[in-house]
Amino acid sequence: MRITQSMLSNNMLRNLSNSYTKLDTYMEQLSTGKKINRPSDNPVVAMKGINYRRQENEAEQYLRNTGEARNWMDNSDAALDKATKAMQKLRELAVKASNGTNDKEEYASMKEEAKQLKEHLISLADTQVNGKYIFNGTDTTNSPFDKNGVFSPNTDPVNIPISAGSELQVNMDGEAVFGNGLFDKVDSFIQKLENSDMENIEETIGESISELDSGVNQIIDARAGLGARMNRLELVENRLGDQKIMATKMMSDNEDVNFAEAITNLIKQESLHRAALSAGSRIIQPSLVDFLR
């Protein structure tokens, strides 16, 4: 086969073009820090990257959801803690009022304190977080108290997705916490303190102790249920955090360039490129045109 000058020139130009392409690839890898910068560079790596990025985005979204759920639960737990303390204080007043050693002024003082504790309980049942009533079910824009001041909450659960195919109720059922006639029991106790001059007042007030006990217990029971859900939420948060870390690591291993390897490849390709240029200049002989100059 006869090798012509044109064939040598074309082969050299083609090889130099390929060398420039490789140099550009290594330079782009070093400047972007990525193994590939377009799907055509490596379709398999690109498809894996899409899947890993989707997993990471899902984990991040569910973590944001758990953050919102945590906000609901933390505020609900704080309100229940204050409600429990208020009810326990009312019970202490009932015990003190039933011992038969109080005069009229002391009953009046206890009545005023009980009224303030009731107002505190009402404010807790009417708690808002970021403009949302947390004890009124899904009707978060309206107060659980009607226009007559009667506690009549919406009892629909507020569920938030916390993982694929899994939801968690983040709110407290207002009826389970402040319902069952809780405010009526407190009103009854206050009324008995108001009528402190009636006969057998100590026994009458003593009846309120068991009523207030039931109110304390229902709040504690509701808080125990909330605590169980908070424990589950913490486990989910830990799992999602691990999933996000693993997805990020896999995505990095799949896409991020090994800088030491890329620099080595670039230096190697530069050496090959210079050698090709040098060899090409020797192989391509001068043409007749060069002698006619």
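Helices (H or I, at least four residues) and strands (E, at least two) are DSSP runs, numbered from the N terminus.

A word on what you are looking at. This is a predicted model, in which local features need pLDDT of at least 70 and side-chain atom pairs count only at pLDDT 80 or more, while totals for chains, interfaces and linings use all residues. Residues are numbered from 1 along each chain as its sequence is written, and side-chain values use heavy atoms, with hydrogens and water left out.

Let us start with the whole chain. Eight helices and four strands make up its list of elements, and from the N terminus they follow the order α-α-α-β-β-β-β-α-α-α-α-α. The chain is more spread out than a compact globule, because its radius of gyration is 39 Å, well over the 19 Å that the globule rule gives for 293 residues. Here the radius of gyration is taken over C-alpha atoms, and the globule rule is 2.2 Å times the number of residues to the power 0.38. Along the principal axes, the C-alpha atoms fill a box of roughly 135 × 30 × 30 Å.

How much of the chain counts as buried? The share is 35% of the 293 residues, where buried means under 20% relative accessible area, exposed means over 50%, and partly exposed lies in between (1.4 Å probe, protein chains only). The chain exposes about 17,100 Å², and carbon and sulfur atoms supply 51% of that area; accessible areas come from the Shrake-Rupley method with a 1.4 Å probe, and for residues only the protein chains shown count as cover.

Contacts tell us how the chain meets itself. A contact means heavy atoms within 4.5 Å, and among the contacts with a separation of 6 or more, 72% are between residues 24 or more positions apart. As for charge, the chain carries 34 positive and 44 negative side chains, and the centres of the two sets lie 17 Å apart. Lys and Arg count as positive and Asp and Glu as negative, with His and the chain ends not counted; the place of a charge is taken as NZ of Lys, CZ of Arg, CG of Asp or CD of Glu.

Serine 76 lies in helix 2, which covers residues 43-97. Is serine 76 buried or exposed? Serine 76 is buried, with a relative accessible area of 0%. Leaving aside neighbours within four places in sequence, serine 76 is in contact with Ile134, Phe135, Met172 and Leu226.

The next stop is a stretch named in a record. UniProt lists residues 73-127 as "coiled-coil region" in an unreviewed entry; positions are given in the numbering used here, feature names are shortened, and annotations may be inferred rather than shown by experiment. In the model, residues 73-127 are 85% helix and 0% strand, and the end C-alpha atoms of this stretch are 13 Å apart.

Strand 1 covers residues 128-129, and valine 129 belongs to it. Valine 129 is buried, at 14% relative accessible area. Which residues does valine 129 contact, leaving aside its neighbours within four places in sequence? They are Asn71, Asn75 and Ile134. Asparagine 75 is 54 residues from valine 129 along the chain, yet their C-alpha atoms are separated by 7.5 Å. Asparagine 130 sits in the loop between strand 1 and strand 2 (132-133) and counts as exposed, at 71% relative accessibility. Its phi is near 55°, a positive value in a residue other than glycine.

Finally, we come to helix 6. Methionine 230 is placed in helix 6 and counts as buried at 13% relative accessibility. Not counting residues up to four places away in sequence, methionine 230 touches Arg70, Met73, Asp74 and Asp77. Arginine 239 is also found in helix 6, which spans residues 201-255, and at 38% relative accessibility arginine 239 counts as partly exposed. Lysine 244 lies in helix 6 too and is partly exposed, at 25% relative accessibility. Leaving aside neighbours within four places in sequence, lysine 244 is in contact with Glu56, Ala59, Glu60 and Leu63.
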